[in-house]
Amino acid sequence: FSSMTAETAASVRETTATMGQLGQTATKAALTAETVIGLARQGERASSEGLSAVETNLGEMLKLSDEVRALSGKIEALNNRMRDIFEIASVVNYIADRSQRLADTAAAESTKAGASARGFSGVVTEMRSHADEAKRAATQVKGILSDVHKAMLSAMTAAEVGIRRAEQGAQVAGSTGDTIRRLATALRDSS
């Protein structure tokens, strides 16, 4: 009987030790589960903050795209006004050519008239001088306008590139937001 009691006592001690180990393992598992849940919640908060930042970035990229598009429109309007000025310079050039021909005709008539038209030759010289100045000024204005036109085309091209890049950035931000949303959902579901 005593050997059976000894065996039973040994079994009870072994069972008690096993139960103690199971208790410790369960405690460790619970602590690990709490840690994992805490990390999942932290990840969910971080993904929520990241999503908010991405959405803000997306909004700013779209605003930038709209602002650059508006700038491009203003540059186009300036370009149209510049064309108007170019046409005015062309009209000035045309009037200068006509004045030059008129001065040539007046000079020929002055020569035919002889001595009685000598005073008129001074007017003819002055007309030629003004016509030459007007032609030079018109040519100068056209040259400046040509340079400005090239700069405006360059600015419009840069604006179009800026619009495309802002739109691409908005697409990337939107895609990043979708990824973060999926991550947040997975973290929320896992906790």
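Let's start with Arg-81: it is exposed, with a relative accessible area of 56%. Keep in mind that this is a predicted model.

Arg-81 has a partner. Asp-84 forms a salt bridge with Arg-81, and the closest N and O atoms are 3.2 Å apart. Both sit in helix H1, three residues apart, which puts about one helical turn between them. Asp-84 is partly exposed, at 36% relative accessibility.

H1 holds another such pair. Asp-66 bridges to Arg-69, with 3.5 Å between the closest N and O atoms. Again the spacing is three residues, about one turn of the helix. Asp-66 is partly exposed at 48%. Arg-69 is partly exposed at 38%.

Now the two helices. H1 covers residues 2–113. H2 covers residues 118–190. They pack at about 165°, with axes 5 Å apart. The cut-off for roughly antiparallel is over 145 degrees, so H1 and H2 are roughly antiparallel to each other. Their crossing is left-handed.

What links Asp-97 and Lys-135? Their side chains meet in a salt bridge, 2.2 Å from N to O. Asp-97 is in H1 and Lys-135 is in H2, so this pair ties together parts 38 residues apart in sequence. Asp-97 is partly exposed at 24%, and Lys-135 is partly exposed at 28%.

There is also a network: Glu-55, Asp-178 and Arg-181 are linked by salt bridges. Across the whole structure, the search finds nine salt bridges.

Last, the nonpolar side. Val-91, Tyr-94 and Ile-95 form a surface patch, with about 300 Å² of accessible area together. Tyr-94 lies in H1. At 46% relative accessibility, Tyr-94 counts as partly exposed.

Definitions and conventions:
Residues are numbered from 1 along each chain as its sequence is written. This is a predicted model: local features need pLDDT of at least 70, side-chain atom pairs count only at pLDDT 80 or more; totals for chains, interfaces and linings use all residues. Side-chain values use heavy atoms; hydrogens and water are left out. Patches are made of residues with over 30% relative accessible area and no salt bridge: like charges are joined within 9 Å, nonpolar side chains (Val, Leu, Ile, Met, Phe, Trp, Tyr) within 5 Å. Accessible areas come from the Shrake-Rupley method with a 1.4 Å probe; for residues, only the protein chains shown count as cover. A salt bridge is a side-chain nitrogen of Lys or Arg within 4 Å of a carboxyl oxygen of Asp or Glu. Helices (H or I, at least four residues) and strands (E, at least two) are DSSP runs, numbered from the N terminus. Buried means under 20% relative accessible area, exposed over 50%, partly exposed in between (1.4 Å probe, protein chains only). Axes are lines fitted to C-alpha atoms, for helices over the stretch in contact, and angles run from 0 to 180 degrees between N-to-C directions. Angles under 35 degrees count as roughly parallel, over 145 as roughly antiparallel, 65 to 115 as roughly perpendicular and the rest as oblique. A crossing is left-handed if the near helix is turned anticlockwise from the far one by less than a right angle, and right-handed if clockwise.
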